[in-house]
Structures are given as structure tokens and as C-alpha cells.
Amino acid sequence: MIRWLLRGLLCLALIAPGTLLAAGSISVLTVDGPIGPATADYLTRGIERAEKDKAQLVVIQIDTPGGLDTSMRSIIKAILASPVPVASFVAPSGARAASAGTYILYASHIAAMAPGTNLGAATPVQIGGMPGQPEGDKPAGGKDEKTKDDKAAPAGNEETLARKQVNDAAAYIRGLAQLRGRNADWAERAVRESVSLTAADAQRLKVVDLLARDVPDLLAKLDGKTLEVAGQKIALATNGARLVQHEPDWRAQILAVITNPSVALILMMIGVYGLIFEFSNPGSGVGGVIGGICLILALYALQLLPVNFAGIALILLGILFMAAEAFMPSFGIIGFGGIAAFVVGAVILIDTEVPGYGIPLSLIITVALSSALVIFAIIAMAVRSRRRALVSGDAGLVGSQATLLDLGVDDPHIGWVQLQGERWQVRSDAPLRSGQRVRVLARKGLLLDVTADERPPKGD
């Protein structure tokens, strides 16, 4: 007992004045895949939960090809504002922290990697596939090969915008590197030249703080390390601390599903078609309820994604045209115009080339072909109905057969029959008798001209 007490007093004596000794559990969060709205929600809420649980450290285990800029910046804001230190760890072996993952690694209080991992390639993806190479996107060590004429030529708007994006990203990651005391020059090269590093090279160039095999090995190496967090120094006590693994909850999982661009597109189609069905057949409520829910979910997902509003307009216009074909058959003109508008809108809907955030062309073609089959069926039904003989109105009455129900009181040439669900008064040149079969010759207002008909009824 005395020995352990002396050890404790010695540790306290070694800690610098004003340094807090961290105590508590360690929260472990996992990022496996593209960084998007669902990932940002999961990590920001995970960091907030760690603060409420009084955790001493948050470990974010990363394996990502990159992601959306807005989601990445939301995560970095949460890390910078966190009173709990955050350690980003690229693991397991074979994982990567490319593009947005590199920024998150630089923003974290501790940056670590497992052997066999890599990071870098942090050049922002050009929105909308803008042509033109940014000024900094030259091979490492290469010289500017532009001629005088090229330098004198004014840059186009798209190239200027691309250059602005690269300069903004370079300044952003350099600021993070200076904040954490990491290699700022290499960080800028990762943005301007899309260079990457292995784990060993990253440690050698002071891009990351340390290497570790796994999370327990990382915590063993962090034990006793002092960090400056929110203006105060904190000494970690990670050796033997309790690990709390926080997996994405139902909210994060649902958000990940509906923010998938393919799912958002399908939800929007179901929503619009459901509302059209409800407006054309009011009273059932099924189409309105399902359509309204799906449309709201789709709009919520799309406002979180980098969408092209022209694409949304073309998709909605295409769906409306295809639905209009069902109610106003134009023998394909409106319907196929709607298919063309839908395909073009779906192709340009997502305004980014970030991996994992495109709509597969196979899905677009499948939906377009399904809509085409529906339109073909509608056209076929319209043609058949056009060729079919009329069975209602005067055309349906004339030539029809009926049985005489009653006779007139004073006139044997007058009687009553039941046709098309209605009771009609009939008149014949020849005397009529009750129960006699008659055939309609013509209609004159509310009176039908009939004649005796001894043929068997249709269908017998």
C-alpha cells in the first residue's frame, strides 16, 4: 500500500503545474466508408456524448476514400470545439485516410496510423467535373512549363473557380497543421499536388504523431502524454482505461440510407407518383400518405447533398410528363419526352465526383426502361379503347335488348324496360305485351323506339 501511494505521489509530482490528470473511459468511434451527412451526424453526436460521459479521450478509427466538404468541415468544427481530446487513428492495416480523411487527421489532437496504411490525395474534387487543371496540380518537383502566351491568356471562369477551391483548401489544411504543430508544407502539397504518404513516411515527416498496431497499442503509447485542449493541459491516463465502443445508432443508419443519392432518387419518384395517384383517385389516402412521407424524406436527403437544381427540375418534369401520359394519352410524345428529361436530370443530379456519391447509370437506365414499359402499356390500352365499340350513351342504348316490364295503362304501344341501370319508357308501332323481348331502334329524348325481338339475349 505504501509503495503504491509513493508511486502515485511521484506521478503527481512529475506532472507540470496547471496540468489536469485525465480519468475516465475512452470512447471509440468508427468511420468506414465515404464521409457524408450521416458520418458527420454520427461523429459530432459521438463527441458530444463523450463530453457528457466525462470520457478522457475520443478515438476515431478511420478508413475512408474521402467525402463531402460540408460534412468534413462539420466534423472538424466539432473536433476543434471539443473539450475532450480526439485521436484520429487510420486503421486497420490496409485502411486509408484520403482526401477528407487527411483534413480530419490534421485537425485532431492526436494523429496516428497503423502500419500498412496511407493518407493524402487531399485535392478538392472539382464540382460538376469542371475542366482545367488547377495551378498547383503539377507533378512533384516539376517546373512550370507554361509558355509566355499561356501565361498571358486569361483563365476561364471554371479554371478560376477551381483555383479558388484549391487555394482555399490549401489555406484551410495549413491552418490546421500550424494549430497542431504538424508538417504544414506537406499538407499543402497534399492539396495542391494530390500526393500521398505511407504510415512510416508520415511519421518520419511529422505528419502524424505515432504508429500503432491497433487501438490497445495506441492507448498504451498515449498513456501519460500531455495535450493542450481548450486552453488547458491534460495528461492522459489511458493504460487500463475502459473502452466504450459506440456503433452508429438507428438514427445514423437511417440517415446513411436516405442520403444515398440512389435511394433519394427512388424516394422522390415514389413521392411524386404517390401524390399524383392520390389526386387522380381521391379518397383512398394510401397514395397521399406514402407519397407525402417519401417526398419529404427525399427533399430532406437532397438538401444535405450537393445537388444540381437543374437536375431536380428535369427529374420532376420528367415524372410529371410520364404521369400525364397516363391521363392524357398522346401516343408517346409526352411520355418519351418525360423519360428523356428524367434520364438527363438523374445523370446531372449529384453535383460532385466524390466516390460513393454518384447515381449508378444502371439504376437510371432500369428506372427509365420501367417507365417506358408502363408508357407502352398505357399507349396499348389507349389504342384498344379507341378501337372498341362504345357501350354507353346513345351508342350503347341503340341495338340493345331488354325485357318489357310493364305496359301503359291506356296505350298497348307504350311500356317500360330496364337498361343500363335505369328505367326507360319505350314505344313500338306494334302492340306490346308484358315479358316480351324488345330491341331498341332509336332514342328520342327520354323515350326509346323499340321493336319486337325474338332473338335470344346476347350471351345465351
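These legends go with a set of close-up views of one predicted model.

In this predicted model, local features need pLDDT of at least 70 and side-chain atom pairs count only at pLDDT 80 or more, while totals for chains, interfaces and linings use all residues. Residues are numbered from 1 along each chain as its sequence is written, and side-chain values use heavy atoms, with hydrogens and water left out.

**View 1. An open sheet of six strands.** Here the strands line up as E13-E17-E18-E16-E15-E14, with mixed pairing. Strands here are DSSP runs of E with at least two residues, helices are runs of H or I with at least four, and both are numbered from the N terminus; two strands pair if DSSP finds at least two bridges between them. E13 (401-403) and E14 (406-407) sit at the edges with a single partner strand each, so one side of each has no neighbour in the sheet. For E13, three bridges link it to E17 (residues 437-444) in the antiparallel sense. Look for threonine 403 opposite arginine 437 of E17.

**View 2. Strand E2 and its parallel partners.** E2 (residues 26-32) is largely enclosed by the rest of the structure, because five of its seven residues are buried. Buried means under 20% relative accessible area, exposed means over 50%, and partly exposed is in between (1.4 Å probe, protein chains only). E2 runs parallel to E3 (residues 57-63), joined to that strand by seven bridges, and threonine 30 faces glutamine 61 in E3. Another parallel pairing, this one of three bridges, ties E2 to E12 (residues 243-245); there serine 27 has valine 244 as its bridge partner.

**View 3. Serine 428, tucked into a loop.** This residue belongs to the loop between E16 (422-427) and E17, and serine 428 is buried at 6% relative accessible area. A polar atom of the serine 428 side chain lies 3.2 Å from the backbone oxygen of alanine 430. Setting aside neighbours within four places in sequence, serine 428 is in contact (heavy atoms within 4.5 Å) with His413, Val450 and Thr451.

**View 4. Helix H4, mostly covered.** What is there to see in H4 (residues 100-107)? Eight of its eight residues are buried, among them Tyr103, Ile104, Leu105 and Tyr106.

Conventions
A polar contact is a pair of N or O atoms within 3.5 Å; within protein, one must be able to donate a hydrogen and the other to accept it, and residues adjacent in sequence count only if both atoms are side-chain atoms.
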